[in-house]
Amino acid sequence: MIKQTSSPREEDASHRPVERHCDVVISGGGLAGLTLAAALSGAGLSVEVVDAQTPEKVLSAPFDGRASAIAAGSRHILEGIGLWSLLEDKAEPIEEIRVSDGRIDRRASPLFLHYDSAELGLGPLGHIVENRDLRKGLHQLLSRQETFHLHAPDLVVDSRRDANGARVILKSGTEICARLVVAAEGRNSPLRQAAGIPVKTWKYRQHGLVCTLVHERPHHGVAHEHFLPSGPFAVLPLRDDDAGRHRSSLVWTERPDLAERMMALVPEEFAREVQRRFGDTLGQFSVEGPRWSYPLSLLHAQRYHDIRLALLGDAAHVIHPIAGQGFNLGLRDVAALAECIVDTRRLGLDIGAETVLERYERWRRFDNMMLAGITDGLNRLFSNDIPPVRLARDLGFAAVERSPGLKRFFMRHAMGLVGDLPRLTRGEPL
């Protein structure tokens with residue numbers, strides 16, 4: 001079990017505030033925050049994470065039906081920090097991606113786009129991993145790190161940051177002195193708000209429906225992205241369960257009013273609605289575990305840092321799930337920030353200096369903004385049923401399908417292998 005602190009009274013009989021010291025304190029023990037903690041502690045830095053939930057609660061939570069797409073470049077990151085070996089036998093490779101345009105109760109357009117990993121010869125295009133396996137793997141990996149400490153359940157209630165250092169005060173009374181504070185608390189980041197960092201945001205008139213499907217026929221590692229008038233409808237391959245049942249992860253974008261009605265259906269009726277939209281390629285569907293529904297929005301922070309504060313993952317940016325790239329952007333944040341911090345430490349310099357944080361922001365801002373713009377544009381282009389627009393996008397699919405060079409570029413981009421990549425993303429040691 002990860003070393004953790006739940007109350008200052010356990011460590012100090014006089015009831016005075018406990019004071020701890022570390023290199024980096026991370027507020028938020030989600031996937032992005034713990035991945036950064038694993039990268040930094042594995043490189044020898046002392047890291048303390050503050051999270052509202054205990055490991056016992058996180059790891060004992062029942063199957064929740066949610067999964068994440070791990071692009072090939074993101075897999076390199078997880079390999080570099082020692083996590084992938086704990087996940088590999090639970091990750092389902094994406095060998096092909098089939099993108100098509102369609103309508104409810106009708107066959108998909110014959111003009112489609114097909115990505116095949118064999119065309120590049122670089123291995124799978126990505127993997128699908130259940131979030132519960134990611135959490136378990138991260139906690140298992142961090143339990144081995146002597147320079148990692150977890151405060152849970154606890155919350156950051158105040159932070160005092162200046163040129164000399166940072167001091168974080170927790171709800172429990174513990175005070176942590178560090179060179180750098182990282183906000184990894186998600187889209188509603190209290191640390192970002194307290195620092196007065198503005199965000200640009202708007203809400204889509206869409207909800208995301210997420211669950212795990214069981215189906216009669218094997219998926220053969222094929223991910224399906226089916227564009228419907230209400231938005232993208234993705235069926236992503238998962239590992240068969242212990243009973244040998246074939247499974248996939250559903251990410252269904254729908255109008256808010258219809259999403260509410262779909263969530264109110266019993267599982268059997270919900271599965272029939274899935275069938276209407278997807279067809280019988282995988283045979284009959286049934287629903288495994290709970291279903292989730294959440295409003296979709298776009299968010300981008302106007303800057304990624306403040307004095308001795310860095311924003312990570314959803315605290316800095318939230319994009320539409322149309323391309324399954326949200327978690328991958330967060331992992332590239334992790335790789336870039338970890339590289340900036342570790343390189344600075346090796347030079348014996350201040351890891352929380354403004355120049356370090358400015359480098360991190362310059363490195364990640366363009367990639368994040370570009371993906372936000374692409375996903376927003378794709379969603380607007382495909383979430384309609386206007387005949388001329390439908391024809392234009394179908395012809396676009398056909399044009400890319402018949403342009404091998406362009407298609408290979410798009411495949412490499414989806415794999416996270418294009419651009420100014422951190423060492424971990426390139427498969428190199430941190």
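Is E273 buried or exposed, and what is its relative accessible area? E273 is buried, at 16%, where buried means under 20% relative accessible area, exposed over 50%, and partly exposed in between (1.4 Å probe, protein chains only).

The model is predicted: local features need pLDDT of at least 70, side-chain atom pairs count only at pLDDT 80 or more, and totals for chains, interfaces and linings use all residues. Residues are numbered from 1 along each chain as its sequence is written, and side-chain values use heavy atoms, with hydrogens and water left out.

**View 1. The salt bridge of E273 and R276 in helix 8.** The closest N and O atoms of this pair are 3.1 Å apart; a salt bridge is a side-chain nitrogen of Lys or Arg within 4 Å of a carboxyl oxygen of Asp or Glu. Both residues lie in helix 8 (residues 267-278), three residues apart, about one turn of the helix. Helices (H or I, at least four residues) and strands (E, at least two) are DSSP runs, numbered from the N terminus. R276 is partly exposed, at 37% relative accessibility.

**View 2. The salt bridge of D241 and R245.** Their closest N and O atoms are 2.5 Å apart. D241 is buried, at 17%, whereas R245 is partly exposed, at 37%. Shared partners join E130, R132, D241, R245, R247 and E288 into one salt-bridge network.

**View 3. Helix 3 and its surroundings.** Seven of the nine residues of helix 3 (residues 72-80) are buried, so the helix is largely enclosed by the rest of the structure. Its buried residues pack against elements including helix 1 (31-42), strand 5 (67-71) and helix 9 (326-346), contact meaning heavy atoms within 4.5 Å. Just after helix 3, G82 has a positive phi of about 85°.
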